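Here's a walk through a two-part model, meant to be read with the structure open beside you.

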Amino acid sequence: MSEHLRFKDHYNESRIFFRRAVIAAGLILCLLILLIARLYTLQVVEHETYVTQSDRNRVQVQPLPPTRGLIYDRNGELLAENRPSYTLSIIKEQVDSMESTVKLLSELVTITEDDTSSFYKRLKRPKRRRRPFEPIPLRYLLDEEDIARIAVNEYRLKGVVVEAQLVRFYPQRSLFAHNVGYVGRINENELKSFTPEEYPLYNGTHSIGKNGLEKQYESILLGQVGYQQVETNARGRVLRVLERNDPVPGQNLHLFLDANLQRTAFAALGQRRGAVVAIDVETGGVLAMVSAPTYDPNLFVTGISHKNYKALNESLDLPLFNRTIQGGYPPGSTLKPMLALGGLEANVVDEHYSVRDPGFYQLEGEERRYRDWKPRGHGARVALIQAVAQSCDVYYYDLAFRMGIDRMHGFGAGFGLGEKTGIDIPSERSGIWPSRKWKRDNRRLPWYPGDSLNMGIGQGFVVTTPLQLASMTATLASRGEKHQPRLVRRIGETVVDTAPVAQVSATQKNWDLIIDAMEEVVHGPRGTARSISRKANFRMGGKTGTAQVVGIAQDAKYDSEALAERQRDHALFVGFAPIKNPQIAVAVIVENGEKSSTAAKIARKLFDTYLNNLPVSIAKEE
Amino acid sequence: MVQQDFQRRMPEASRDLRKPMGFWQRIHVDTPLLFSLLVLTAFGLIVLYSASGADKHYVQRQSVFICLGYVVMFTIAQFKMSFLQRWAPWFYVAGLGLLVLVLVMGTGAKGAQRWLSVGGFRFQPSEALKLAVPIMVASYLGVRALPPSFKHVLVTLCIITVPMVLILKQPDLGTSLLIAASGLIGLFFAGLRWRYIFGAGLLGVLGSWPMWQFVLRDYQKQRILTMFNPEADKLGAGWNIIQSKTAIGSGGLNGKGWMNGTQSQLNFLPESHTDFIIAVLAEEFGLFGALMLLLIYMVVIGRGMLIAIRAQTSFNRILAGSITFTFFVYVFVNIGMVSGLLPVVGVPLPLVSHGGTAIVTLLAGFGLLMAISTENRKVSI
């Protein structure tokens with residue numbers, strides 16, 4: 001350091017620094033002026049250019065909603081389709097004053113308070129759930145006149161758009177309301193329940209399956225959303241598509257249901273309340289599924305009005321209630337063929353075993369008389385065939401007593417009683433097929449022999465759905481092959497597997513006996529359903545039943561006549577046809593139908609319609 | 001001994017002597033500087049709230065870092081400058097050590113390795129160098145006779161180059177250039193002779209071609225090309241600049257109003273809460289808002305320069321000068337980049353952009369300025 005040592009000159013150093021600081025300050029000033037000039041150029045000189053650029057150059061991604069899959073019956077008749085419909089929507093970002101725009105619109109087209117309130121609800125959804133410039137629907141189903149009126153006033157309606165959308169339509173109206181179900185607008189709860197993967201699937205889609213097949217097969221019917229990147233001008237009009245990723249339409253469903261048969265069943269029920277289920281014996285496919293009264297599912301698609309919904313929901317006839325899978329009815333005598341088979345298999349009875357029927361049955365050491373439906377009884381020697389054909393209650397009291405609850409429960413469970421059939425629509429009920437355990441758990445009481453007697457004639461605790469009865473009958477008709485009842489035959493091009501899911505085993509002889517007995521019910525001289533055998537070109541088997549009505553509200557006294565009507569017995573019939581090589585099994589329940597023949601006649605009409613319209617008529621084979 | 005003998009009395013010293021030491025000076029706070037910083041950070045939070053899409057989380061996080069920054073600032077303001085000068089080499093070496101650590105075991109995103117995580121806390125060591133380099137340069141030159149001789153200039157350049165290369169390796173071109181700038185600014189304030197400055201300028205012009213060919217990476221070249229012609233790649237690299245220019249330009253004189261900027265609120269503007277936050281401000285508060293911000297920056301910078309001029313030792317002067325001028329460089333580079341004057345390099349708008357480490361470092365720097373401004377005047381006769 002020594003040779004190069006220069007002395008530190010503090011005064012000089014301070015002067016140097018001061019000079020440099022002045023230069024630096026000058027530099028700062030120059031650069032500052034440069035910045036300000038730049039900002040001035042951008043914000044004042046070129047302001048207009050950038051305003052238009054910010055308004056116009058809005059590249060955005062638009063979802064392309066997929067077309068929902070169609071639903072066809074077995075003959076290719078359309079049950080659910082998509083129709084173009086015009087929706088009035090508002091783009092929030094482009095509207096200067098939302099209130100005055102809505103007010104102006106309500107002067108042009110009718111907008112109800114329902115419409116506006118749900119519109120504002122949708123508007124308030126958090127920002128993250130809505131993409132910018134997404135049109136928010138205000139009114140659905142515009143007609144030509146509405147569209148014209150809006151078009152004429154377009155210059156006053158900034159941010160208002162009329163969008164053409166595909167909206168679900170059910171051409172069969174109320175015919176399939178209970179099984180096809182319906183779609184409706186996605187509500188707040190459904191939106192919340194979406195997983196992050198599901199959420200983008202519904203971009204651009206406003207509806208979701210709410211009921212029936214539409215709900216069960218939602219993910220299949222929905223399809224996959226597509227996207228397009230578009231350049232729009234300040235009014236939201238698409239100028240050009242930059243990139244496009246097409247949506248994948250949902251798959252079509254082909255059902256077992258037969259629209260003809262469904263119509264027949266509805267016509268046969270007439271004004272009565274009730275349920276009809278018809279099952280294809282070979283596959284378990286449901287051919288008809290009627291719950292009457294019904295409703296028009298089209299009402300729900302774009303949102304049902306309060307008034308309409310109230311009327312449906314509060315009707316005494318419960319039109320929204322799907323009787324076929326939710327209605328719990330005592331099966332009455334319709335259980336008898338199945339129980340007789342159980343008796344035979346348990347060796348409690350055989351074809352020759354007979355009882356004496358004085359019109360009542362008494363348990364040993366008990367006073368109580370269990371009555372037969374026929375006050376004087378069916379005679380001294382009632383054997384199996386007669387007991388089924390004439391529906392002898394005393395025979396079944398005896399059988400039930402000797403068979404006992406456990407064996408009875410076990411055998412009936414093999415036919416699917418007391419559990420959901422697993423049909424492919426939601427909210428099915430399981431009914432009740434009681435056991436000792438069931439009574440202990442639910443009634444906190446032990447099982448009494450009297451309970452078995454009531455169960456033997458399908459009363460007491462037993463509750464079944466019409467679908468369960470139809471499925472049981474189909475199992476009987478196919479001699480033990482139990483199929484899963486289902487509505488959907490084909491998803492897109494994939495045929496659903498219809499192999500039997502279980503087998504009820506019984507000897508060939510016993511099957512013959514039971515099927516003969518069921519034939520006797522219809523074709524025998526004293527069969528309880530002999531009235532329906534007239535002029536039939538095929539032979540059928542069946543069983544009638546009546547069930548006492550329980551649980552009608554006693555305080556509903558405003559219309560005594562109607563009340564009396566509602567306390568009449570339910571009429572039931574289960575049956576299948578033809579007797580050889582059975583094709584169709586049905587269960588019919590007519591609420592307050594009184595006489596079981598009311599139900600049996602409906603079944604006959606179904607057999608006629610179905611068998612005579614088969615590609616190769618079974619009737620001719622016989 | 002040498003210093004003592006040749007120390008002279010400065011002209012202003014007698015004035016300072018006469019003034020009694022006030023409360024603020026005793027706790028080492030420079031009130032004009034503090035006040036303008038408070039205004040600046042408050043304004044920054046308001047803009048950040050809008051830029052983050054009304055997300056309270058960002059504002060809360062930022063506030064926490066600002067408070068931490070002020071605490072660090074007050075702490076550093078208590079330091080004795082002589083202590084700092086003695087320890088400067090060790091700070092510098094520690095900073096270099098951290099940079100080496102980053103290269104060995106750092107974490108990062110988008111292909112760059114810039115972060116060091118210690119027990120769940122992540123920070124950017126290159127931020128620490130933004131202070132360590134000017135301190136080191138000032139401390140080295142402060143004890144040498146000024147203007148610096150050729151040998152001292154060379155040593156200073158080495159001091160600058162080592163961290164610069166380490167940061168370039170991360171790679172982080174923006175930060176390494178800023179750190180180099182802070183060191184060179186120190187050299188400038190030390191009185192670097194003009195012939196060196198012009199010589200270097202000439203070399204720079206001649207050397208730009210090999211730089212372009214061999215040193216710059218593709219994405220860095222892309223940025224420079226994009227600056228000259230953003231329209232060439234509208235949806236790619238040019239997107240940021242087009243959108244930020246659109247945001248600034250559409251703001252006009254008065255702006256679209258707080259929280260009403262369509263470019264920023266509809267997510268057209270990328271990085272709206274970090275590097276491009278000035279575009280949000282210009283869009284929502286207009287030219288007046290932007291000028292207001294520049295005015296606050298100028299008050300801070302003006303005060304910094306004043307502190308530097310009044311400082312007593314060369315170390316203090318050089319340090320204060322380079323901190324203040326570097327601060328201005330940040331402001332200029334950021335605004336220049338967002339408004340399309342300069343290529344896009346990752347430089348946040350100081351004390352306004354979202355980002356914890358940067359704010360703490362900047363306020364620590366202002367702590368040094370306060371320490372310098374409130375230091376007891378030693379007068380030797």
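D357(A) has G379(A) as its bridge partner in strand β16 of chain A. That bridge belongs to an antiparallel pairing, over 3 bridges, between β13 (residues 354-357) and β16 (residues 379-383) of chain A; strands count as paired if DSSP finds at least two bridges between them. Helices (H or I, at least four residues) and strands (E, at least two) are DSSP runs, numbered from the N terminus.

Before going on, a word on the ground rules: this is a predicted model, where local features need pLDDT of at least 70 and side-chain atom pairs count only at pLDDT 80 or more, while totals for chains, interfaces and linings use all residues. Residues are numbered from 1 along each chain as its sequence is written, and chains are lettered from A and ligands numbered from 1 in the order in which they are written.

Now zoom out to chain A as a whole. It has 24 helices and 23 strands, and buried residues make up 40% of its 622 residues. The largest nonpolar core has 121 residues, and V276(A), V277(A), A278(A), A288(A), V586(A) and V588(A) touch the most other members. A nonpolar core here is a set of buried Ala, Val, Leu, Ile, Met, Phe, Trp, Tyr and Cys residues joined through C-beta atoms within 7 Å. Helix α17 (residues 393-414) of chain A gives the most to this core, with 10 residues. Take V277(A): leaving aside neighbours within four places in sequence, its contacts include V286(A), T324(A), P466(A) and V586(A). Contact means that the C-beta atoms of two residues, placed from the backbone, lie within 7 Å.

Another core, of 112 residues, lies apart from that one, and L98(B), L131(B), L269(B) and V300(B) are among its members. Chain B has 16 helices and 2 strands, and buried residues make up 49% of its 381 residues.

At 1.5 Å a residue, its 21 residues should span 30 Å, and its end C-alpha atoms are 30 Å apart, which agrees; the expected span is 1.5 Å times one less than the number of residues. Its buried residues include L33(B), L37(B), T41(B) and L48(B). Among the elements covering the buried residues of α4(B) are α5 (56-77) and α14 (277-310) of chain B. Just after α4(B), G53(B) takes a positive phi of about 75 degrees.

So where do the chains meet? The contact takes 34 residues from chain A and 45 residues from chain B. On the chain A side, α1 (10-45) and α2 (47-56) are the elements that give two or more residues, and α1(A) gives the most, with 22 residues. That side divides into 20 nonpolar, 8 polar and 6 charged residues. Ala, Val, Leu, Ile, Met, Phe, Trp, Tyr, Cys and Pro count as nonpolar, Asp, Glu, Lys and Arg as charged, and the others, Gly among them, as polar.

Methods. Buried ≥ 20, exposed ≤ 12 C-beta atoms within 10 Å, placed from the backbone.
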